[in-house]
Amino acid sequence: MAEKEIPYKIYLNESQMPKAWYNVRADMKTKPAPLLNPATSKPCTEDDLRPVFCDELVKQELNDTDAYIEIPQEIREFYKMYRPSPLVRAYCLEKKLGTPAKIYYKFEGNNTSGSHKLNSAIAQAYYAKKQGLKGVTTETGAGQWGTALSMACSYFDLDCQVYMVKCSYEQKPFRREVMRTYGANVTPSPSETTEVGRKILAEFPGTNGSLGCAISEAVEAATKQSGYRYVLGSVLNQVLLHQTVIGLETMTAMDKYGIKPDVIIGCAGGGSNLGGLISPFMGRKLRGEADYEFIAVEPASCPSLTRGKYVYDYCDTGHVCPLQKMYTLGSEFMPSASHAGGLRYHGMSSILSQLYDDGLMTARSVEQTSVFAAAQEFARVEGILPAPESSHAIKVALDEAKKCKETGEEKTILFGLTGTGYFDMYAYKSFNDGTMSDYIPSDEEIAASLAKVPKIQ
């Protein structure tokens, strides 16, 4: 198809929306290692996980054989409020860069939560409601997940309790207020409201908190309240499964116009958006149908893939969650108070960790100031103010496009624009004022944290 026929924005119609999520584990030759019960160090069973997660989500978490899992009709109807999301050809950016590369991005910020997080939030709230629960508890970093879940819980009339990482609670007050508007109770973490929160505060007085801390508090809150379960916005297999609507729509849109991406890029904290974008394409690669280069981009302040170890570790700082084999910096690693709050997690999805260890994807870490410079460059040309998390992917996409300008190579680059940055203006102010700094943990800091991971291989 002639290039002039490719529109600026590629939209699918409702009939082209996915009717099933894609489970990449079914096509992986080496399956992700199982979750381990922290009390027995044995693989978790459904019975082990039911006190924490909704029953149907437990089944999805442990399912590594079914390639497709049907999306319930009620979830598909909700998706229609903001899906299919657009796939955008960045013509203006290509022209400004003077690159022969073709740049596409899948934009997930066109909903009230401002990010991709709603794709899994509505699914998890649906299963909680279907089970007859009173409510759910969760953690949130930058606030996109908490916002999405509060919206989903409001839709299904469920109570929603959110533990928000303390530095984000203070940096992003407006996102906190969106959650409260949707009826959520928001608590800065670590807090004095849980046993594990009080323990963390005693051990790390004055801490800015972390996603690991907030997870511990949310799990404790769920298990101590009758009729509640814990839900998570990233990392888990079930979450990556729900997020594959991103990649499935992207693949359908690209196939429609005969477009094949050479490089697929996503930011990586726990792995939900990256896993959601790349999974269907990775499936083709695993089945030998096509080849792509996949790049995970993480903050230099929290570099689990590029500087962590691939070992079993706790998913939370309080050590109340199952153990997961993943690339990790250690569950007690306390990231700096960077503005990309959604990427401040010490570990990585077991699926992405296994794919990375198998050499099927690569990873890069980038510094905060360079990320915001890329965000500014993108915003001035494409007209969208990107979230700090998404801007990590933008940074590497720009790097790849600029390489093509130097070499003359006509690559097709695809990246995930996971959300908008309109609630991140304190971060942009810091960048514009020249007060933003970069923090990179020392080898000694990481080694000290990794020394405390459990001795299970």
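Where is the place of Pro190? The first legend answers this, after two sentences on conventions.

The model is predicted, so that local features need pLDDT of at least 70 and side-chain atom pairs count only at pLDDT 80 or more, while totals for chains, interfaces and linings use all residues. Residues are numbered from 1 along each chain as its sequence is written, and side-chain values use heavy atoms, with hydrogens and water left out.

Close-up A. Pro190 is placed in the loop between strand E8 (185-189) and helix H9 (195-203), where helices (H or I, at least four residues) and strands (E, at least two) are DSSP runs numbered from the N terminus.

**Close-up B. Positive phi at Asp157 and Val235.** Asp157, a residue other than glycine, has a positive phi near 60° and is found in the loop between helix H6 (144-156) and strand E7 (159-165). At 64% relative accessibility Asp157 counts as exposed, given that buried means under 20% relative accessible area, exposed over 50% and partly exposed in between (1.4 Å probe, protein chains only). Val235, which is not a glycine either, has a positive phi of about 70° and sits in the loop between strand E9 (228-230) and helix H11 (237-242). With a relative accessibility of 3%, Val235 counts as buried.

**Close-up C. Aromatic pairs and a ring cluster.** The structure holds 18 aromatic pairs; rings of Phe, Tyr and Trp (its six-membered ring) pair if their centres lie within 6.5 Å, and planes under 30 degrees apart count as stacked, over 60 as edge-to-face and the rest as tilted. One of the pairs is formed by Tyr22 and Tyr68, a tilted arrangement with 5.4 Å centre to centre and 50° between the planes. Tyr22 lies in strand E2 (residues 20-22) and Tyr68 in strand E3 (residues 68-70), so this pair ties together parts that are 46 residues apart in sequence. Tyr22 has a relative accessibility of 2% and therefore counts as buried. Phe378 and Phe415 form an edge-to-face pair, at 6.1 Å centre to centre and with 75° between the planes. Because Phe378 belongs to helix H16 (residues 368-382) and Phe415 to strand E15 (residues 412-417), the pair ties together parts that are 37 residues apart in sequence. Both Phe378 and Phe415 are buried. Elsewhere, ring pairs link Phe78, Tyr79, Tyr82, Tyr126, Tyr127, Tyr155 and Phe156 into a cluster.

**Close-up D. Charges over tyrosine rings.** A charge sits over a ring if NZ of Lys or CZ of Arg is within 6 Å of the ring centre and within 35 degrees of the ring normal. Arg176 lies over the face of Tyr169 at 4.3 Å from the ring centre, and Lys325 lies over the face of Tyr310 at 4.7 Å from the ring centre.

**Close-up E. Packing of H16 with H17 and with H18.** Two packed helices are described by the angle between their axes and the distance between the axes. Axes are lines fitted to C-alpha atoms, for helices over the stretch in contact, and angles run from 0 to 180 degrees between N-to-C directions. The axes of H16 and helix H17 (residues 388-407) come within 8 Å and cross at roughly 80°, which makes H16 roughly perpendicular to H17; angles under 35 degrees count as roughly parallel, over 145 as roughly antiparallel, 65 to 115 as roughly perpendicular and the rest as oblique. The residues of the contact of H16 with H18 divide into six nonpolar, three polar and no charged.

Conventions: Ala, Val, Leu, Ile, Met, Phe, Trp, Tyr, Cys and Pro count as nonpolar, Asp, Glu, Lys and Arg as charged, and the others, Gly among them, as polar.
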